Amino acid sequence: MNADLAAAMQLLVALAFVSIPLVRHRFGPAATTAAEAELSRQGIRPGVLAENGLRFDASGHETWAPVSVAAIMTGVAALNLAGNDWGRPLTWIFQSLVVIGNALILHSNLTAVSSVRTAFRRKGDPELARVDVPAFLDAAENAFPGWVRAQQNIRHVLVFGGSALALVAVSL
């Protein structure tokens with residue numbers, strides 16, 4: 001029973017992580033368009049985002065990282081459901097890593113303005129240094145439907161809470 005609870009939580013965590021690239025794939029291009037329009041309004045030339053590799057879609061690590069986490073969680077859940085002895089130690093290892101990783105994601109979300117400002121300064125591009133970063137990020141964020149913010153919060157609750165429950169379940 002405890003392994004079943006752990007597995008159920010791990011599958012919820014996997015679904016939570018898969019939601020990231022799905023939402024970015026669906027709404028990321030609109031966010032990029034809105035961000036580019038905001039930059040144009042600020043007098044920044046078109047194409048500066050692409051030239052500096054800044055995107056809001058599901059390319060690169062925005063897909064492979066969450067999909068990898070989901071695959072690992074699904075694999076560990078399968079071990080737990082099968083009653084395999086590896087389920088417990090792998091739950092401890094991977095759930096702990098998921099909690100740390102999600103904390104880093106949350107921190108990144110909460111410090112986005114300062115992080116983007118720092119990244120723009122590091123690029124050494126004088127145009128990027130002039131960007132009103134809060135307005136730029138607001139334009140991109142507002143291109144996502146309102147429910148996406150609620151979905152992000154629910155995802156964090158599922159990941160932190162589901163991981164805690166999975167760890168408790170394999171410890172009993």
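**Close-up 1. The largest pocket and its lining.** The largest pocket of this predicted model is lined by 47 residues, and those nearest its centre are Arg24, Glu62, Ser108, Asn109 and Ala112. Its volume comes to about 1,600 Å³. Sorted by class, the lining of the largest pocket holds 23 nonpolar, 15 polar and nine charged residues.

**Close-up 2. A salt bridge between Arg24 and Glu62.** Here we return to two of the residues that lie nearest the centre of the largest pocket, Arg24 and Glu62. They form a salt bridge, with 3.1 Å between the closest N and O atoms. Arg24 belongs to helix 1 and Glu62 to helix 3, so this pair ties together parts that lie 38 residues apart in sequence. For context, the count for the model comes to seven salt bridges.

**Close-up 3. The crossing of helix 5 and helix 7.** Take a look at helix 5 (residues 112–123) and helix 7 (residues 133–142), whose axes come within 9 Å and cross at roughly 115 degrees. The crossing is right-handed. On the helix 5 side, the contact is made by Ala112, Val113, Val116, Arg117 and Phe120, while helix 7 brings Val133, Pro134, Phe136 and Leu137. This contact has eight nonpolar residues, one charged residue and no polar ones.

Technical notes: Residues are numbered from 1 along each chain as its sequence is written. This is a predicted model: local features need pLDDT of at least 70, side-chain atom pairs count only at pLDDT 80 or more; totals for chains, interfaces and linings use all residues. Side-chain values use heavy atoms; hydrogens and water are left out. Axes are lines fitted to C-alpha atoms, for helices over the stretch in contact, and angles run from 0 to 180 degrees between N-to-C directions. Helices (H or I, at least four residues) and strands (E, at least two) are DSSP runs, numbered from the N terminus. A crossing is left-handed if the near helix is turned anticlockwise from the far one by less than a right angle, and right-handed if clockwise. Contact means heavy atoms within 4.5 Å. Ala, Val, Leu, Ile, Met, Phe, Trp, Tyr, Cys and Pro count as nonpolar, Asp, Glu, Lys and Arg as charged, and the others, Gly among them, as polar. On a 1 Å grid over the protein atoms alone, a cavity is a set of points where a 1.4 Å probe fits but cannot get out, and a pocket is an open set with protein on both sides within 12 Å along at least five of seven lines; lining residues have an atom within 4 Å of a point. Grid points are joined across faces, edges and corners, and a volume is the space filled by probe spheres set on the points. A salt bridge is a side-chain nitrogen of Lys or Arg within 4 Å of a carboxyl oxygen of Asp or Glu.
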